[in-house]
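Here are my notebook entries from a first look around this structure.

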Amino acid sequence: MSEQPKDLFEKIRWLLLVRVTILSFFLGAAALFNFFRADGDPRLVYALLVPLIASYIISFGSFIVLPRLGNPRAFAYFQLDIDVILITGIIWITGGAESPLSFLYNLAVMNGAILLFYRGAFWTAGFSSLCYVTLLVWAQYQDNGATAFSWTVLMPMLMNVGSFFAIAGLGAFLAGKLSKAEKLLQAKQSDYQQLEALKEALLNGVGSGIAITDARGRINYYNAQAQNLTTLQEQFVRGKKLVEIFPGLTYGFDGLPEGRRIVAEEIRFSTSQGQQKHLRLTVAPLSNAAEELIGYVSIFEDITKQKEFEEKIRLEEELRKAREISFASGSVSTDDAEFRFEGVMGRSGGIEKIHQLIRKVAGSSTNVLICGESGTGKELVARAIHFNGPRRDQPFVAVNCGAIPVELIESELFGHSKGAFTGADRERAGLWEEADGGTIFLDEITETNPL
């Protein structure tokens with residue numbers, strides 16, 4: 001079913017409901033008025049029941065038949081004609097030319113304008129004029145025979161007929177404008193719904209939590225990632241200020257021009273289960289086309305693992321420096337009489353062979369591969385080579401390759417510049433650069449990705 005017939009079907013349903021409602025009201029009012037009059041005629045009440053019952057029967061039958069129709073346009077004209085005939089009958093029952101209910105024709109004309117615009121309005125106005133004039137002519141004929149109309153009858157008739165067509169033109173014009181406005185509103189609503197769906201898809205498709213606030217910092221949107229990250233549902237946070245959800249946030253939601261800046265902060269956050277997290281929040285103002293502040297958007301991500309890794313690296317660096325100081329203070333020269341293998345005690349044949357190998361390679365600058373099971377002292381051998389050779393006064397850097405994630409091994413070994421990746425807030429030298437002129441020991445090198 002196309003959009004236009006579908007809309008017309010809906011209008012006809014409303015017409016059927018309005019018909020029985022209006023007729024019930026006015027006929028009931030007319031019956032009560034006649035009942036309370038001193039000279040009221042009880043037969044008028046029974047007479048008014050005829051058009052009322054007819055309107056109910058026709059409306060109910062039309063409501064049943066309507067869904068089975070293919071094209072409702074002809075059916076709409078039929079319903080308008082039924083309205084006019086019912087109104088004519090009511091006017092005839094309530095006094096003919098003297099009836100106060102002749103204005104009901106105007107309601108029928110308005111219905112025609114709403115249903116079928118100009119064609120429906122003027123069709124109803126023409127049919128109403130025909131029925132009204134016929135009613136007046138018949139009443140005049142019964143009262144005065146074939147005598148000519150008097151001005152007392154002709155003037156109200158011409159004024160009423162003129163009002164029918166005036167209402168038809170005005171009603172059709174307003175109905176057309178209303179229909180265009182309704183279609184425009186529906187199109188705007190459709191566009192808005194599409195934009196809302198696109199916004200939801202985009203904001204829920206990103207991997208970060210997103211909160212959108214008004215100009216005072218009160219949350220009005222909280223995406224699914226934000227709910228999972230903070231274990232807080234949107235209905236709980238909606239309407240609350242962002243600083244209430246993230247107490248460590250220092251951003252001022254004052255709307256001042258100097259305060260409209262993008263700010264990134266790292267804060268600690270405790271979930272409802274008591275879990276501690278490190279979050280990085282980026283807050284930025286939102287403005288409309290007139291550069292007026294309308295709200296803020298906050299993007300936050302969990303950097304807990306990154307912080308834990310950085311702390312682990314820091315502790316390893318401090319431990320490495322402490323061990324370097326310890327080994328440096330106890331190092332010996334490469335002279336055979338003073339040579340010592342720090343951390344290893346013994347004079348067996350195997351140990352002596354290791355001493356000889358260390359003496360051979362300690363004075364050279366070649367790369368050395370040290371093999372052995374875990375815990376056999378490979379790092380001690382590397383340190384002995386370093387501190388018994390000419391590089392003893394240069395750095396000794398030990399790297400546990402197995403403890404560094406694959407995605408960070410390149411950055412750790414070769415360094416990175418500021419902004420190279422998320423979390424790279426400063427420039428950092430690599431371990432190769434730190435060991436320049438000295439020795440770098442790559443422990444657990446087999447745990448790295450060869451690619």
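Predicted model: local features only at pLDDT ≥ 70, side-chain atom pairs only at ≥ 80, totals over all residues.

**Entry 1: a helix and its charged pair**

Are arginine 383 and glutamate 379 buried or exposed? I looked up both, and arginine 383 is buried, as is glutamate 379. Arginine 383 and glutamate 379 sit about one helical turn from each other, because they are four residues apart in helix α11.

Next I checked the rest of α11, which covers residues 378-387. Nine of its ten residues are buried, so the helix is largely enclosed by the rest of the structure. Among the buried ones I noted Val381, Ala384, Ile385 and Phe387.

**Entry 2: the largest pocket**

Which residues lie nearest the centre of the largest pocket? I found Val368, Leu369, Ile440, Phe441 and Leu442 there, out of 27 lining residues. The volume of this pocket comes to about 770 Å³. Helix α11 turns up again here: both α11 and β9 (439-443) supply at least two residues of the lining. Strand β9 gives the most, with five residues. I sorted the lining by type and got 13 nonpolar, nine polar and five charged residues.

**Entry 3: cavities**

Rolling a probe the size of a water molecule over the atoms shows where empty space is left. The search gave two cavities of 30 Å³ or more. The largest cavity has a volume of about 120 Å³. Its lining includes Val18, Ile22, Asp83, Leu86, Leu104 and Asn111. Helices α1 (3-36), α3 (73-93) and α4 (104-144) are the elements that each give two or more residues to that lining. By type, I noted eight nonpolar residues, one polar and two charged.

**Entry 4: a network of salt bridges**

How many salt bridges are there? I counted eight. One of them joins glutamate 266 to lysine 307, with the closest N and O atoms 2.8 Å apart. This pair links distant parts of the chain, since glutamate 266 is in strand β3 (residues 263-270) and lysine 307 in helix α9 (residues 304-329), 41 residues apart. Glutamate 266 is partly exposed at 39% relative accessible area, and lysine 307 is partly exposed too, at 27%.

Arginine 280 and glutamate 301 form another salt bridge, at 3.6 Å from N to O. Arginine 280 belongs to strand β4 (residues 276-287) and glutamate 301 to strand β5 (residues 293-302), so their bridge ties together parts 21 residues apart in sequence. Arginine 280 has 13% relative accessibility and counts as buried, whereas glutamate 301, at 28%, counts as partly exposed. I was pleased to see how these pairs connect: Glu266, Arg280, Glu301 and Lys307 are linked in a network of salt bridges.

I looked for disulfides and the count is zero. Cysteine 371 is exposed, with a relative accessible area of 62%, while cysteine 401 is buried, at 2%.

Last, I visited helix α12 (residues 406-414), where the buried residues are Ile409, Ser411, Glu412 and Leu413. Just after α12 I found glycine 415, with a positive phi of about 85°.

Notes:
Residues numbered from 1 in each chain as written. Heavy atoms only, no water. Buried < 20%, exposed > 50% of the residue type's maximum accessible area, 1.4 Å probe, protein only. 1 Å grid on protein atoms, 1.4 Å probe; cavity = no way out; pocket = protein on both sides within 12 Å on 5 of 7 lines; lining within 4 Å. Points joined across faces, edges and corners; volume = space filled by probe spheres on them. Nonpolar A, V, L, I, M, F, W, Y, C, P; charged D, E, K, R; others polar. Disulfide = S-S within 2.5 Å. Salt bridge = Lys/Arg side-chain N within 4 Å of Asp/Glu carboxyl O.
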